[in-house]
Amino acid sequence: MIGRKLVFNDTVLRVTGKTDTHWETVAMADQSEVNIEFQALADAMSNGSAWWIGRSEEDE
């Protein structure tokens with residue numbers, strides 16, 4: 001998932017790392033760092049306010 005892009009709350013983010021509790025991401029627009037807890041992302045995906053962009057090598 002490192003390097004993969006996602007939309008979260010109308011912001012395009014690139015995943016830069018992972019901890020035990022969250023994804024570390026960087027906003028594509030202004031390069032600000034954003035940490036997203038796994039549960040928060042799962043909740044956002046279930047209600048349609050977050051989604052992955054494209055495919056990663058891990059998906060293939």
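**Burial, core and loops in a predicted model**

Colleague: Why is Val-12 called partly exposed?

Modeller: The relative accessible area of Val-12 is 33%, and since buried means under 20% and exposed over 50%, with partly exposed in between (1.4 Å probe, protein chains only), Val-12 is partly exposed. This is a predicted model, in which local features need pLDDT of at least 70 and side-chain atom pairs count only at pLDDT 80 or more, while totals for chains, interfaces and linings use all residues. Residues are numbered from 1 along each chain as its sequence is written, and side-chain values use heavy atoms, with hydrogens and water left out.

Colleague: Where does Val-12 lie, and which residues is Val-12 in contact with, leaving aside its neighbours within four places in sequence?

Modeller: Val-12 belongs to strand 2, where strands (E, at least two residues) and helices (H or I, at least four) are DSSP runs numbered from the N terminus. With contact meaning heavy atoms within 4.5 Å, and leaving aside neighbours within four places in sequence, the partners of Val-12 are Leu-6, Val-7, Val-26, Ala-27, Met-28 and Ile-53. As for Thr-25, 13 residues from Val-12 along the chain, the C-alpha atoms of the two are separated by 9.6 Å.

Colleague: How do you know whether Thr-25 is buried or exposed?

Modeller: Thr-25, a residue of strand 3, has a relative accessible area of 1%, so it is buried. Not counting residues up to four places away in sequence, Thr-25 touches Leu-13, Arg-14, Val-15 and Thr-16, and also Ser-32, Glu-33, Val-34 and Ile-36.

Colleague: What makes up the largest nonpolar core?

Modeller: A nonpolar core is a set of buried Ala, Val, Leu, Ile, Met, Phe, Trp, Tyr and Cys residues joined through side-chain atoms within 4.5 Å, and the largest one here has 10 residues: Leu-6, Phe-8, Leu-13, Val-15, Trp-23, Ala-27, Ile-36, Leu-41, Ala-44 and Ala-50. Two or more of these residues come from each of strand 1 (5–8), strand 2 (11–18), strand 3 (22–27) and helix 1 (38–46). One of the core residues, Val-15, touches Trp-23 and Leu-6, among others, not counting residues up to four places away in sequence.

Colleague: Why is the protein called as compact as a globular protein of that length?

Modeller: The elements run β-β-β-β-α-β from the N terminus on, that is, one helix and five strands. The radius of gyration, taken over C-alpha atoms, is set against the globule rule of 2.2 Å times the number of residues to the power 0.38; the protein has 11 Å, close to the 10 Å that the rule gives for 60 residues, so it is as compact as a globular protein of that length. Along the principal axes, the C-alpha atoms fill a box of roughly 30 × 25 × 25 Å, and 28% of the 60 residues count as buried.

Colleague: What is the phi of Asp-10, and does Asp-10 count as buried or exposed?

Modeller: Most residues other than glycine have a negative phi. Asp-10, in the loop between strand 1 and strand 2, has a positive phi near 65 degrees, and at 74% relative accessibility Asp-10 counts as exposed. Gln-31, in the loop between strand 3 and strand 4 (33–37), likewise has a positive phi, of about 65 degrees, although it is not a glycine; at 48% relative accessibility, Gln-31 counts as partly exposed.
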